[in-house]
Amino acid sequence: MGAIRSAEGGPLRRTARSAGRVLRAPFRGAARGVRRATHAHGAGESGLGKLIELHAVNSAGDVLITIALASTVFFSVPTDQARGRVALYLAVTMAPFVFLAPVIGPLLDRVPHGRRAAMASAMLARALLALMMSGAVASGGLELYPAALGVLVASKAYGVVRSAVVPRLLPPRIALVKANSRVTLGGLLATGLAAPLGAALHQLGPQWPLYGAFVVFAFGTYLSLSLPHKVDSAKGEARARLAAPESRRRGRWWGRSKAPGLRTVGASVLHGLQANGALRMLSGFLTFFLAFLLRVHPLGGLSPAFSLGFVAVAAGAGNALGTAMAALLRSRGPEKMIALVLSVTLGTTIVAAVLFGAFMVVVVAAVAGISQALGKQSLDSLIQRDVPEEVRTSAFARSETLLQMCWVVGGAIGILLPLNGVVGMSVAAAFLALGAATAVRGLLAAARRGSPHPRVA
């Protein structure tokens, strides 16, 4: 009998194994392709490849939570109620972050040896909060908002730490601008893949995207802890400040030389921050303003949901294109590039205010995506070039914190304005013009004078 079972079971087992190999082959092939892409040009040896994969996981989880919240806060109720709910969401989650954001950078400066733990904690916190929100998302109860606040703060904290980690994982053959482009592009690709998955999960129930986010962020927790140990190294680093103390400008501070502030390394970085702050404000503004405007006045012949999706695709495609352009251009003339993208965005917004329509809405979203990507990569290039190495990691974290705050301010402006396209684009043009007035002239002047520090490859 045993021989018969062996004779019968052997072919069956072999068939099952063969079928399993066939089913696993596409997934293994895709995984190997992703690994080759993320680990190319020395990124695998330096650890940058793992960070790219971690950021892709982070972006996928954020998209799943966004889909769950949008279905509850925005699409599930009439427009007037939706605006009230989003205003409440903004007040409960965004406004406190304005006060929390200045704390995150200095706090992370004090724990440079715990960056992996900080990123893992941000992932784990969002995983647990996603589970907590799954019970409240269907009803849209007020308990949803404190959990959403926690998710937002954890997400922003992760973003600040990631900006500080990238310089620690640079391979010899990849410049910082290209490394940041690869990280950003990995996140954008993951966003594009996770969005339809989140929509499919939502068809099962409003809580299912949050279950998916729990799994994604739990995996992100593991990936955070698997980053190389040098991420936690603070060797040769010091803390950057937006302004150096007066005694530092005289050369000494209580008998010891202190780390320079950002104002002591030339005007390029500060003017680059001002310009990027205006572009990040535009991003936050368009996110909220167009969300409501297109719900009331959708693009011709489309439903509100498809209108928003179309504009989101335009913005995402613009961001991806800008990221790819930044990688190709590398760090050539970053001051001129920032001045150019800010000026082009301002001009596009002015045209949109004058000739407002469906086509111009899509154009503004795409141009804003391209400009934000090019502007941010150029700012990273300026920081790498002009900020001394001992404070460069801290400077990346501080600049990202400031840009996150600008996004919050832009979002607040977008939620408060009346739903009139001409008015909205005019207001956007106004704060972009303010950014251009304060930054463009200084950027061009700094480009003519040249860099105060030698370029770092």
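1. For "transmembrane region", the unreviewed UniProt entry lists residues 87-108, 120-138, 182-202, 208-225, 278-296, 308-329, 341-370 and 407-440. The model itself is predicted, and the geometry of two of these spans is given next.

2. Residues 208-225 are 100% helix and 0% strand, with 27 Å between the end C-alpha atoms. For residues 341-370, the end C-alpha atoms are 8 Å apart, while the span is 90% helix and 0% strand.

3. The salt bridges come to two in count. In one, Arg126 pairs with Asp62, and their closest N and O atoms are 3.0 Å apart. This pair links distant parts of the chain, since Arg126 belongs to helix α5 (residues 115-134) and Asp62 to helix α3 (residues 48-74), 64 residues apart. Arg126 and Asp62 are both buried.

4. The side chains of Lys376 and Asp380 form a salt bridge with an N to O distance of 2.8 Å. Both residues lie in helix α13 (residues 358-386), four residues apart, or about one turn of the helix. Lys376 and Asp380 are each buried.

5. Phe285 is located in helix α10 (residues 267-296). Its relative accessible area is 0%, under the 20% limit, and therefore Phe285 counts as buried.

6. Which residues does Phe285 contact, leaving aside neighbours within four places in sequence? They are Leu290, Gly410, Gly411, Ile413, Gly414, Leu417, Gly424, Met425, Ala428 and Phe431. Phe285 and Trp407 are 122 residues apart in sequence, yet their C-alpha atoms are 7.5 Å apart in space.

Technical notes. Residues numbered from 1 in each chain as written. Predicted model: local features only at pLDDT ≥ 70, side-chain atom pairs only at ≥ 80, totals over all residues. Heavy atoms only, no water. Helix = DSSP H or I, 4+ residues; strand = E, 2+ residues; numbered from the N terminus. Buried < 20%, exposed > 50% of the residue type's maximum accessible area, 1.4 Å probe, protein only. Contact = heavy atoms within 4.5 Å. UniProt positions renumbered as here; feature names shortened; annotations may be inferred. Salt bridge = Lys/Arg side-chain N within 4 Å of Asp/Glu carboxyl O.
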